[in-house]
Amino acid sequence: MTDAFTYLDAASAEPLHPAARDVLLAAADQGYADPRRLHRPARNAGLLLENAREVVAEALGVRRDEVLFTSSGTAAAQAGLLGLGSRGIAHTAVEHQAVIDAAHWSPRSPVVELGVDDEARVDLEQVRDVVGAGAVDVVAVQQANHEVGTLQPLEEVAAAVRQSGRDVRLFVDAAASMGRLPIPAAAGDVIAGSARKWGGPGGVGVLVVRKRAPWRNPFPGDPWARTDLGFTNTAGALAAAAALQAVVAERDAVNARQHELIDLVRSRVKAEIPDVDVAGPAEERLPHLVTFSALYVDGEALVTALDRRGAGVASGSACTSDTRQPSRVLAAMGALTHGNVRLSLTRDTTREDVERVLDALPGIVKDLRAEAGL
């Protein structure tokens, strides 16, 4: 590999989109005031914030008054989940840790874990059984998995919830997919996203609260006020909106290119590295990421070796504070949990970038196994 560094951890944070960078600098000059005040600078900031809300709503195909801004994707996910329902919560076994933490922090009971198959797809029959039993009134199902890319059958889950005849609401964590994929219109009473995942600035979350949803703010303050949650970062919101608009406009071309590159990764890893397990489905997945586990190799050592060779990837559990822990998602799938790495492409990743990493991988894995005495 060359001296150039290849960043392949876009699923953690996509580099700032050029559209966001330009808007961020311009909006910082005009949107510094508190948009809740009445003076002229505040009114200017308020107009910018409403413009950001309008752009996000149009990009997502929702109403402007359904879009709230929060201080992060985690804040959006946790407020979104906790603001729904009053009884128990059901969530898939492969939800982001922020969602699982919120479910167990809540005093509501029961908290039911929904099983998944070996591709991380939720068990629809269990969804029907749990909803039909009547103990839960919120079901949390992500649109796409953040570690292995699996797309969940959101429309089928929504149909199962409706057909139960019970007052059960669907929370959708779309942090990994927002902007990259359309959100099914019928799926999700509340939907959460994170701007840094689509090339917006960090510190901006998006919470879509449908008008039909009986949602209320679960944190101190007016519970019935559907307003931005402690958020006045006007420049960040406008930059996030600009990036989202650009990503939606270019996603067909970008997704097609990334699908092809991830197919290349999957095929070459399987063919060139012995004792490797590629996780998740080949189809019905996010276009830009893949996770694989190499037997007899420590994931952290593999990440470090790749970093020394000029490539940045992720390892371990991608949704916990300590990423050195074995992946809970892979464990739920029944997949190999140790020695795993996740490659996730940016919008600018080229075939040359990918091939440079793939050329180096077999030798790196071989050397690490030799160091371990294998």
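The C-alpha centres of domain 1 and domain 2 are 27 Å apart. The bounds come from an automatic or database domain assignment: domain 1 covers 6-14 + 251-372, and domain 2 covers 18-246.

Before the interface, the conditions. This is a predicted model, in which local features need pLDDT of at least 70 and side-chain atom pairs count only at pLDDT 80 or more, while totals for chains, interfaces and linings use all residues. Residues are numbered from 1 along each chain as its sequence is written, and side-chain values use heavy atoms, with hydrogens and water left out.

Now the contacts. With contact taken as heavy atoms within 4.5 Å, 30 residues of domain 1 touch 31 residues of domain 2. The buried area is about 2500 Å², and carbon and sulfur atoms give 50% of that. By buried area I mean the accessible area (1.4 Å probe) that the two parts lose on being put together, summed over both. On the domain 1 side, Arg-251, Leu-286 and Met-333 lose the most area to domain 2, together 23% of what that side buries.

How many salt bridges cross the interface of domain 1 and domain 2? The rule, a side-chain nitrogen of Lys or Arg within 4 Å of a carboxyl oxygen of Asp or Glu, finds one. Arg-180 forms a salt bridge with Glu-14, with the closest N and O atoms 3.0 Å apart.

Last, the make-up of the domain 1 side that touches domain 2. By class, this side has 13 nonpolar residues (Ala, Val, Leu, Ile, Met, Phe, Trp, Tyr, Cys and Pro), seven charged (Asp, Glu, Lys and Arg) and 10 polar (the others, Gly among them).
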